[in-house]
Amino acid sequence: MKAKMKLVNLLMILMVSISIFSCSDGEDGADGINGADGVNGVDGVNGADGEDGEDGEQGVPGTANVIYSDWIDSPLDGDIPSSTANGSIDVAGLSQEIFDQGTVLVYGKAGTLNVFALPFIGEAGVSYYYRLALGSINIRLASVDGSSIGNPLFGQYRYVLIPGGVEASTGIGGIGSKTATVDFTKLSYEEVIAHFNIPE
C-alpha cells in the first residue's frame, strides 16, 4: 500500500513538472514582411484662369506742362478816343522755348459769359489781337475804319501756354508745336479747357 502511495505521489510530481515546463514562452517568430505601399492619389486639376478685367477709361489729360492764367483785368479800359491802343500783360512763363516750339492762346471775356479767342473782330468794327514778347503779351486794339475805339469789348483776358515736344493726343508735352497733329488755335475755348482739364 505504501508503495502504491509513493507511485501516485511520484506521478503527481511528474505531471506538475510537465505542466510547468509546457507553459514557458517559446521563441519569438520572425517578423512578417512589410505590406506594399499604397498608391498615391491623383492630383486635382488646376482651375481655369479667370478672364482679365477690362481696361479702365483713359484719364483726363493733365496740365503738368501747360501754363494758364486766371482771368486778368484788361490793361485797356474806359473810353478810348483813338483808333489804336495797346497794353501789356506780364507772363513770366513766356520763354524763348515757348516762342520757338510751343503755342500761345489768348482769350478775351465780354461780360461774365462770352469768351472769344484772339484775334477777334467785334461788331463795332474793332480788331482785338496780340503781340508776344519774352515775359509779356501785348494786347492791341485797332478800329477797322479808323474811327475811335470807344469802350473795349473785353474787360478781361486769359492766356494758355502750351510747350512744344508733347504728344498732341495725350495732352501732355508739346501739344502746340508746329508738328503737332492738333491745331489748338482752331479749337473753341471750351474745347481747349476741357482737353487740358483747365478750371474755368
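Predicted model: local features only at pLDDT ≥ 70, side-chain atom pairs only at ≥ 80, totals over all residues.
Reader: Why is strand β4 said to pair with β9?

Author: Two strands pair if at least two bridges are found between them. Strand β4, residues 103-110, is joined to β9 by 7 bridges, and therefore the two strands pair. They run antiparallel, and the bridge partner of Gly108 in β9 is Tyr157.

Reader: How many bridges join strand β1 to β9, and how many join β2 to β9?

Author: Strand β1, residues 67-68, has 2 bridges to β9, and strand β2, residues 72-73, also has 2 bridges to β9. Each pair therefore meets the requirement of at least two bridges. β1 runs antiparallel to β9, as does β2. Within β9, Leu161 is the bridge partner of Ile67, while Gln156 is that of Asp73.

Reader: Which residues of helix α3 are buried, and why are they said to line one face of the helix?

Author: In α3, residues 189-196, the residues Tyr189, Val192, Ile193 and Phe196 are buried. Viewed down the helix axis, the buried residues lie within an arc of 90°, so they line one face of α3.

Reader: What do the buried residues of α3 pack against?

Author: They pack against β4, β5 (114-117) and β9.

Methods. Residues numbered from 1 in each chain as written. Heavy atoms only, no water. Helix = DSSP H or I, 4+ residues; strand = E, 2+ residues; numbered from the N terminus. Buried < 20%, exposed > 50% of the residue type's maximum accessible area, 1.4 Å probe, protein only. Arc of directions from axis to C-beta. Contact = heavy atoms within 4.5 Å.
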